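These are my notebook entries on one structure. I set down what I looked up, entry by entry.

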Amino acid sequence: MGLRLFVLLVASHLLVAVVPYLPELRREADTPGFWRYNETLFLRILTAGLYSGVLFVGCALALLAIQNLFEVKVDQRVYGHLFVVLGTVFNTWFFLAGVPRNFALLEQEATYPKGLKVFTQFVLLPLVVLYLGILYAYMGRILVQWELPKGWVSVLILAFAVAGILALLLIHPIRNATENTWIRTFARWFYRALFPLLGLLAVAIATRIRSYGITEERYFVLVLAAWLLVMATYFLVRKGQGIIWIPASLALVALVSAAGPWGAFATAERSQLNQLREISAEYNLLRNGKLDGAGARAPKLPLVVRQRLTSIFEFFAQRQALAELQPVFAGSLQLPDSLRQETPWERRHWQSTRLFALSGLERASPYATAANEEISATFDLKNPDVLPWVTAATG
């Protein structure tokens with residue numbers, strides 16, 4: 001739920017950035033107003049965040065002072081409520097108060113902010129070069145040692161792409177100035193340098209998907225890789241024109257991937273369920289198409305298999321999506337009515353425990369190794385009346 005909300009928030013922010021200029025998608029070049037409009041939004045977001053943060057710290061310290069100086073008991077949840085109110089109501093109002101209203105005025109020529117050029121030239125671009133050096137050195141190591149790339153490299157490639165694209169967007173209005181030919185050179189080579197890295201990213205994420213199936217995170221990495229490939233090709237052909245397509249296309253990708261049978265969440269659930277079926281068929285865990293009692297039928301499963309099964313069970317329990325697994329279980333996976341008002345953690349714990357209880361399979365820690373498998377145990381107090389007796393006996 002949290003990831004879906006985040007994706008929708010990203011899509012809505014991107015739509016705010018492009019909706020006033022949608023007719024621009026049919027033109028040959030970007031108008032100055034589009035860049036200045038988004039510059040205002042960008043600076044307004046940073047300012048609103050700064051003001052909200054300072055206001056929260058100040059109010060939190062005031063509450064702490066009242067609590068300590070006047071010995072007034074303050075509910076600790078007040079701090080969380082204060083953060084939510086300031087981060088949503090105040091932050092939103094403050095941001096909206098500075099949104100441009102006169103779009104015709106934005107089309108007029110204006111002085112380019114020197115601070116943005118300094119920030120881009122001396123902060124963002126060095127980071128892009130640093131990421132580029134690390135990634136190409138790592139790619140060279142992979143070719144020399146002929147090994148598969150680590151999954152973590154995907155994060156660094158996406159960080160490199162984000163930093164590079166943000167830098168190009170920030171300096172877009174001054175790219176054609178005679179003294180800034182380095183900008184056009186950087187843009188041209190940045191997109192070209194991105195192609196081999198996208199290939200590396202595709203290999204890394206495909207390796208993880210082949211071994212462990214699709215999760216929401218891997219789905220979005222794969223989609224972002226495809227989007228970056230299209231954008232890099234587009235801007236090489238258009239020579240940097242049409243920057244409105246960056247937020248417009250990314251908003252469309254976010255909306256499409258957030259819901260529907262083709263979306264990240266439905267695709268991930270199907271993939272993990274298919275993984276469960278494949279493992280169950282390979283190790284003969286099913287009886288009459290059900291997993292109930294599978295642990296007794298296969299008591300000596302390899303550690304890596306038990307780790308995969310544990311990961312799959314936890315995947316569905318964390319999302320409280322056990323209804324997707326009900327077809328492969330004879331026992332009911334429905335949450336008891338007595339737990340519906342409990343905390344999400346307690347509901348997830350019951351669902352996870354239920355899967356292992358019905359299947360008879362053992363949990364396996366993802367950090368355990370065949371040589372030294374980690375052993376864990378959970379102890380629950382069934383009868384609270386025993387506690388005073390235990391305390392008295394041990395005291």
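**Entry 1: residues with positive phi**

I began with Asn288, which I located in the loop between helix 10 and helix 11 (294-297). Helices here are DSSP runs of H or I with at least four residues, strands are runs of E with at least two, and both are numbered from the N terminus. The model is predicted, so local features need pLDDT of at least 70 and side-chain atom pairs count only at pLDDT 80 or more, while totals for chains, interfaces and linings use all residues. Residues are numbered from 1 along each chain as its sequence is written, and side-chain values use heavy atoms, with hydrogens and water left out.

I noted a positive phi of about 60 degrees for Asn288, although Asn288 is not a glycine. Most residues other than glycine have a negative phi. Asn288 counts as exposed because its relative accessibility is 75%; the cut-offs are under 20% relative accessible area for buried, over 50% for exposed and partly exposed in between, with a 1.4 Å probe and protein chains only.

I then turned to Glu71, in the loop between helix 2 (32-69) and helix 3 (77-96). Its phi is near 55 degrees, a positive value in a residue other than glycine. At 73% relative accessibility, Glu71 also counts as exposed.

**Entry 2: helix 8**

I looked up helix 8, which covers residues 216-238 and has 23 residues. From its first C-alpha to its last it reaches 32 Å, close to the 33 Å expected at 1.5 Å a residue; the expected span is 1.5 Å times one less than the number of residues. Lys239 follows helix 8 and has a positive phi, near 55 degrees.

Which residues of helix 8 are buried? I listed Glu216, Arg218, Tyr219, Phe220, Val221, Ala225, Trp227, Leu228, Met231, Ala232 and Phe235. The buried residues of helix 8 pack against several helices, among them helix 1 (2-18), helix 6 (153-170) and helix 7 (181-212).

**Entry 3: helix 7 against helix 8**

Two packed helices are described by the angle between their axes and the distance between the axes. The axes of helix 7 and helix 8 come within 9 Å and cross at roughly 160 degrees. Helix 7 is therefore roughly antiparallel to helix 8. Axes are lines fitted to C-alpha atoms, for helices over the stretch in contact, and angles run from 0 to 180 degrees between N-to-C directions. Angles under 35 degrees count as roughly parallel, over 145 as roughly antiparallel, 65 to 115 as roughly perpendicular and the rest as oblique.

I recorded, by class, 16 nonpolar, 1 polar and 4 charged residues in the contact of helix 7 with helix 8.

The axes of helix 12 and helix 13 (residues 344-359) come within 8 Å and cross at roughly 140 degrees. Helix 12 is therefore oblique to helix 13. Thr310, Phe313, Glu314, Ala317 and Gln318 of helix 12 make the contact with Arg348, Gln351, Ser352, Leu355, Phe356 and Ser359 of helix 13; contact means heavy atoms within 4.5 Å.

Where does Leu335 lie? I placed Leu335 in the loop between helix 12 and helix 13. Leu335 counts as buried because its relative accessibility is 11%. Leaving aside neighbours within four places in sequence, Leu335 is in contact with Arg340, Arg347, Trp350 and Gln351. Leu335 and Gln351 are 16 residues apart in sequence and 7.2 Å apart in space, C-alpha to C-alpha.

Conventions: Nonpolar A, V, L, I, M, F, W, Y, C, P; charged D, E, K, R; others polar.
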